[in-house]
Amino acid sequence: PYRAFEEPPVVRSMTGFGRGEAAADGVRLTVEVRTVNHRFFTATVRLPRAYVSLEARVTAELRARIERGHATASFDLAADPRAEAAVTVNRDTVRAYLAALAEVRELAGTDGAVDLTQVLTLPGVIERKAREPLAEEAFAGLATAALSAALGDLVALRDAEGERLREDLEVRLAAAEAAVARIEGLAPERELRERERLAAKLRELLGGVDELGEARLAQEVALLADRFDISEEVTRFRSHVALFRETLAAAGPSGRQLGFVLQEMLRETNTMGSKANDARIAQEVIGIKNELEKLREQVENVE
């Protein structure tokens, strides 16, 4: 029998997003990781061209935290706006400009002041030093830090969404269980009605019971009525419900196993529907199928 969990089990969604940053040597690396549904683990890694050799290492780090789903990891490397600008003043060039300005003042016979703003805009006065590209291992260190932060965000989001999924799965599973209980309550009345109908049909076909006898008639009716017995399907359905809950409570990815269990639950439901021959039971079967379909849609989001 099902007992309530002492602690809510962790169910992880396959969809999520995480972002992380790391900075060093005047550059900032931003990593974004997105995940969507997939039957297995797959990954797309987008690294700056100079560091594509690190793709296998990044994929391994993704696989260590994501067991199922398609992950896309994007790496954006840019100058850190908070870092000091790498600029220098070309002293020799400035001296040459000032000497030229002094000569112009002398030739023009004027004592005009030097406008420093204009001097700074003269070609060659300010030199912007190009930053050396990060060595591969230096980039790898930044990538590990930023990716770790992004994956932390991602997993937290997937866990939060997974808890909402778990709550919805429990509600829908309980609704399907309740419908099966109602079917079980309707079954005896329906079985009695079917036996009476079959007995009447046999009497009509045989022209009475004198030739067959009441005992034989009862035996034939029982054999025919057995085709409408749904007790085994109800028992197996409840067994599948228990397995679904056990799988939901187990540690690790459970989405694929839950999908298989739902297939078996649907199989038993279809058999109950085919045996029903009763409008009220048929209506309950439709309700169960509706809940199972919603369960299937949600399970497709479970890692």
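Reader: Among contacts in the chain between residues at least 6 apart in sequence, what percentage join residues at least 24 apart?
Author: The model is a predicted one, and the contacts considered here are those in the chain between residues at least 6 apart in sequence. Within that set, the share that joins residues at least 24 apart comes to 80%.

Reader: Which strands stand at the edges of the open sheet of 4 strands?
Author: This open sheet has mixed pairing, and its strands follow the order 1-2-4-3. A strand at the edge has a single partner strand, so one side of it is left without a neighbour in the sheet, and this holds for strand 1 (16-24) and strand 3 (41-46).

Reader: In which sense do strand 2 and strand 4 pair, parallel or antiparallel?
Author: In general, strands of a sheet pair through backbone hydrogen bonds, and the pairing can be either parallel or antiparallel. In this structure T30 stands opposite D76 in strand 4. Strand 2, which covers residues 27-36, and strand 4, which covers residues 69-79, are joined over 10 bridges, and the sense of their pairing is antiparallel.

Reader: Which strands does helix 1 touch where it packs on the sheet?
Author: Helix 1 is made of residues 55-65, and its direction makes about 135° with that of strand 3. As it packs on the sheet, helix 1 touches strand 2, strand 3 and strand 4.

Reader: Which residue takes a positive phi just after helix 2?
Author: Helix 2, residues 91-108, has 18 residues and reaches 26 Å from its first C-alpha to its last, close to the 26 Å expected at 1.5 Å a residue. Just after helix 2 comes a residue with a positive phi of about 65°, and that residue is G109.

Terms used: Residues numbered from 1 in each chain as written. Predicted model: local features only at pLDDT ≥ 70, side-chain atom pairs only at ≥ 80, totals over all residues. Heavy atoms only, no water. Contact = heavy atoms within 4.5 Å. Pairing = 2+ DSSP bridges. Helix = DSSP H or I, 4+ residues; strand = E, 2+ residues; numbered from the N terminus. Axes fitted to C-alpha atoms, helices over the stretch in contact; angles between N-to-C directions. Expected span 1.5 Å × (residues − 1).
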